[in-house]
Amino acid sequence: MLMFKRKLFAVFALLMMVAGQASAGVEEDLEQYVSDNTQMLVQKLNAEKGLFEKDPEAFYQSMEDALTDFVDFRRIAARVMGRYARQTTPEQRDEFVAKFKRSLFDSYAKALVTADDFTIEVREAEILPQNENRASVQLVVITASGNRYPVTYSMYKNKEDRWLMENVIVEGVNIGLAFRDRFAQEMEENRGQVQVVIDGWTDSVKSLNLEEDVNAS
């Protein structure tokens, strides 16, 4: 019996070791995947800065093409709408996804293309212990002057086994949550008229000063 227990323990120890190696491999693959996509985006952004002034529509389309296979805008937009998404029609949800993406580009594209040179380093990817289809990826943005800003990507694996970004945290500020709070605030101020909130979303985002939140964190 003692010998059997020892063999059983050895088997489980081996299984745990293999599982740990498999997890590490997945995390390394995810880290490389995020790094490749992030560096590609930064390179594309630097290469097409001039396009922003000459042809904003072409710039937006180029950025969207670069992000579509990495960021799940539809999932993020649905979370921003929160419980109010149940009050919308499929057409309204499609409209908000499109407006949500455009509002991000309108609000932050100019800041990105006029920013000093910066680099982004992927530090670590961690599969969440409670859910192997969710992960957290730690990055750091390094400016030309040497300032460092920690960033966290929240990732999930979709039904096609592809990892997609579903949220971003910058220096402790949860961007998705900030947008969701603003949507709820707009719904309250407009007495639950979801179409009014969708129509005015671009202006709502412009008045949402995330930079102040980051600096205050």
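The exercises below, each with a worked solution, concern the sheet, the helices and the aromatic residues of a predicted model.

Residues are numbered from 1 along each chain as its sequence is written, and side-chain values use heavy atoms, with hydrogens and water left out. Because the model is predicted, local features need pLDDT of at least 70 and side-chain atom pairs count only at pLDDT 80 or more, while totals for chains, interfaces and linings use all residues.

**Exercise 1. Determine the strand order of the sheet and which strands form its edges.**

Step 1. Helices (H or I, at least four residues) and strands (E, at least two) are DSSP runs, numbered from the N terminus. Two strands pair if DSSP finds at least two bridges between them.

Step 2. The open sheet has 5 strands, ordered β1-β2-β3-β4-β5, with antiparallel pairing.

Step 3. β1 (118-127) and β5 (173-174) each pair on one side only, which makes them the edge strands.

**Exercise 2. State how enclosed β4 is and which helix lies across it.**

Step 1. Buried means under 20% relative accessible area, exposed over 50%, partly exposed in between (1.4 Å probe, protein chains only). Since 6 of the 8 residues of β4 are buried, the strand is largely enclosed by the rest of the structure.

Step 2. Helix α4 (residues 73-81) lies across β2, β3 and β4 (163-170), at about 50° to β4. Axes are lines fitted to C-alpha atoms, for helices over the stretch in contact (heavy atoms within 4.5 Å), and angles run from 0 to 180 degrees between N-to-C directions.

Step 3. Val 97, in helix α5, touches Arg 74 and Ala 77, not counting residues up to four places away in sequence. The C-alpha atoms of Val 97 and Ala 77 are 5.7 Å apart, although 20 residues separate them along the chain. Val 97 counts as buried, because its relative accessibility is 10%.

**Exercise 3. Check the length of helix α3 and locate its buried residues.**

Step 1. The expected span is 1.5 Å times one less than the number of residues. For the 12 residues of α3 (residues 56-67) this gives 16 Å, and the end C-alpha atoms are 16 Å apart, so the two agree.

Step 2. Buried in α3 are Phe 59, Tyr 60, Ser 62, Met 63, Ala 66 and Leu 67. They cover an arc of only 160° around the axis, so they lie on the same side of α3; the arc is that of the directions from the helix axis to the C-beta atoms.

**Exercise 4. Classify the pairs Tyr 84–Phe 183 and Phe 96–Trp 201.**

Step 1. Rings of Phe, Tyr and Trp (its six-membered ring) pair if their centres lie within 6.5 Å; planes under 30 degrees apart count as stacked, over 60 as edge-to-face and the rest as tilted. The count by this rule is 12 aromatic pairs.

Step 2. The ring centres of Tyr 84 and Phe 183 are 6.2 Å apart and the planes stand at 45°, so this pair is tilted. Tyr 84 is in the loop between α4 and α5 (90-113) and Phe 183 in helix α6 (residues 175-189), 99 residues apart. Tyr 84 is buried because its relative accessibility is 12%; Phe 183 is buried at 0%.

Step 3. Phe 96 and Trp 201 are edge-to-face, with 5.3 Å centre to centre and 70° between the planes. Phe 96 belongs to helix α5 and Trp 201 to helix α8 (residues 201-206), 105 residues apart. Both are buried.

Step 4. One aromatic cluster contains Tyr 84, Phe 96, Phe 100, Phe 179, Phe 183 and Trp 201.
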